[in-house]
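Visitor: I'm new to this one. Could you walk me through how to read a few of its features?

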Amino acid sequence: MSQNISSVLVENRVFKPSKDFAKRARISSMEQYRKMWKESIAKPDRFWAREAADLVWQKKWTKVLDWKLPFAKWFVGGKLNVSENCLDRHLGTARQNKAAIIWEGEPGEKRVLTYQQLHREVCKFANVLKRNGAKKGDRVIIYMPMIPEAAVAMLACARVGAVHSVVFGGFSADSIKDRIEDCGASLVVTADGGYRRGSIVPLKKNVDDALKAGGKNIKKVIVFKRAGNDIHIEEGRDVWWHREMEYVDAKCPPTALDSEHPLFILYTSGSTGKPKGILHTTAGYLIQCYTTCKYVFDLRDEDVYWCTADIGWVTGHSYIVYGPLSMGATAFMYEGAPNWPENDRFWRLIDEYKVTVFYTAPTAIRAFIRWGDEWVTKHDLSSLRLLGTVGEPINPEAWMWYHKLIGGGRCPIVDTWWQTETGGHMITPFPGATPTKPGTATLPFFGVDAAIVDDDGKEVPMNVGGKLVIRKPWPGMLRSIYGDKARYKQTYWSEVKGSYFAGDGARRDKDGYFWIVGRIDDVLNVAGHRIGTAELESVLVSHPAVAEAAVVGRPDELKGQAIVCFVTVKNGQQAHPELREELRKYVRHVIGPVATPDDIRFAEALPKTRSGKIMRRLLKQVASGQVVTGDTTTLEDLGVLAKLANDD
Ligand code: WTA
């Protein structure tokens, strides 16, 4: 019999929004939230039509939703342009000369682009795309550093109706080639190089290698000069961004595009080895980005909003570019690493630019904790008014540290659960309304009908773990996996009949709050007991000696799976056998004997992707003594892996 142990860890701390925050928030009470949420579920057409009316339409839709499970069309018959909504509509208003993007390069250069300037750059670059053969519907690969031109390239694609596929700058040549071939791209936009932790990432060289290995469909490569490193220019194929910009004028009317016209494809790894091209379209995606920025970040004209994600991930798409700009907000953008030249770069930037809203990942927060409080406390962070997290469950200790040290105890934290597939926030607190508890993403966003179900699709009782599903379509949902409708259906809509299966395990507490345990494939089954690796990790890192922990399953003849914990210790702590025993006892004590780790391995660091996700697949292989296989190109530091494999 499966016993649920999630409920053992009960979080009793509750943080209510302050009266001052609530007073000016768009959603300022739970009553208001509930009323609007109910309407959004009962009358989605009415609810979303009202939100959509905030945007600029070249032709109004005739029908809000056309749902033929599992295929959705939103705002049927409507025509609009995403770049017009992010730029043109702010011109001729008080926002015209307001900063759209404030940028700092890793070496320290500073730039500000007002809405008017950004509009001009985007129009010009849209003409450059056209000049180089890009037409409506063509796919364009963007492989850029974190510079404003990455956003310019995305918005310019949107303007002409080309479909962008941004490839994260940390991906290898092979990954670029695979993506080019999968989506049949004809054009690449890149830079000579980008800065990362003091060195130059040879972006153009990677593109050259990708095109040597394949990607024969590529006709043109547009190269932005960023780092000034030596590069090869292939005559007839490669052109310089700055030269091309000289040939074009700044007039480029936004193309009227169907609501369901593809906006972008973004690749994400799935349970199989081949990345999936997640397809997002125009109107629904934009509305998801816009409404979540409006209600969850509650963005204001005076905000300086900073999302630390890379533009190569969905968080960068929705919450650096499309969401904030459609709101007419000011987005801060930083090119480089948080620990360059020193561990306090982020806090220095918040202090200098007076950042008010800060959105980052739990894994980054745990790194900050490890680096030590003194890097934080020497800076003035009093400009901050709201904090956010995304990407993984946040352990209550990291939440508390974030709340106290970064937020000064006064900033609400929005722990936002969502996925590449969902386009925008799905389960999240509303900062002026929702009482938060460390470690939970709390309650569904408008229009989100989330539930936790068992293997038969039946909703489970309170505090029992199960599969997280979404039972109704929502505007920002992925429309398909590019070129593979069957895989879309199979991956997301076949596990639980009639529902979208997110791949995550979760439970709901007595208040209906969702506690995301992590990917179902990260949930262990030890002797018939369901144990969340995230819960184990949370316990481990709450031990004073532990900095980071990752828990994976190892096949075990007797119990099905055994628990293997990879642990890094805090500065000044020693990884000795006594500590190993102490940690075993500690976990046993906090969760129960069922969760006693079988193996605790100390490591100097954990293998992570560039986006900061722990590479569990690799750890599982290391834990079970297998040779490490598969794509490791996103690993931040390959040396980490070698050390882990040698650890005994
Ligand atoms: C996890 C990132 C707990 C989850 C936007 C999901 C989270 C996966 C949270 C999607 C959160 C994201 N709490 N888990 N607040 N946010 N996740 O596609 O497992 O890179 O399925 O999208 O991250 O990751 P993706």
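This is a predicted model: local features need pLDDT of at least 70, side-chain atom pairs count only at pLDDT 80 or more; totals for chains, interfaces and linings use all residues.

Visitor: Then is aspartate 344 buried or exposed?

Guide: Aspartate 344 has 4% relative accessibility, so it counts as buried. Its salt-bridge partner is lysine 378, with the closest N and O atoms 3.9 Å apart. The two sit in distant parts of the chain, 34 residues apart: lysine 378 is in the loop between helix H14 and strand E20, while aspartate 344 is in the loop between strand E18 and helix H12. Lysine 378, at 52% relative accessibility, counts as exposed.

Visitor: What makes a contact a salt bridge?

Guide: Look for a side-chain nitrogen of Lys or Arg within 4 Å of a carboxyl oxygen of Asp or Glu.

Visitor: How many salt bridges does the structure hold?

Guide: There are 48 of them. One joins the side chains of arginine 24 and glutamate 302, at 2.9 Å from N to O. Arginine 24 belongs to helix H1, and glutamate 302 lies 278 residues away in the loop between helix H10 and strand E17. With 44% relative accessibility, arginine 24 is partly exposed, whereas glutamate 302 is exposed at 53%.

Visitor: Which residues are linked in a network of salt bridges?

Guide: Glu104, Lys110, Arg345 and Glu352 are. Take the pair lysine 110 and glutamate 352, whose side chains meet at 2.7 Å, N to O. This pair also connects distant parts of the chain, with lysine 110 in strand E6 and glutamate 352 in helix H12, 242 residues apart. Lysine 110 is partly exposed at 48% relative accessibility, and glutamate 352 is partly exposed at 47%.

Visitor: Now for strands. Which strands are joined to E23 by bridges?

Guide: E22 is joined to E23 by four bridges, and the two run antiparallel. Four bridges also join E23 to E25, again antiparallel. Lysine 467 lets you trace both pairings: in E23, this lysine is the bridge partner of valine 453, and lysine 467 stands opposite glycine 505 in E25.

Visitor: And why is E23 described as largely enclosed by the rest of the structure?

Guide: Go back to the cut-off for buried, under 20% relative accessible area. Strand E23 covers residues 466–470, and five of the five are buried, so the strand is largely enclosed by the rest of the structure.

Conventions. Residues are numbered from 1 along each chain as its sequence is written. Side-chain values use heavy atoms; hydrogens and water are left out. Buried means under 20% relative accessible area, exposed over 50%, partly exposed in between (1.4 Å probe, protein chains only). Two strands pair if DSSP finds at least two bridges between them.
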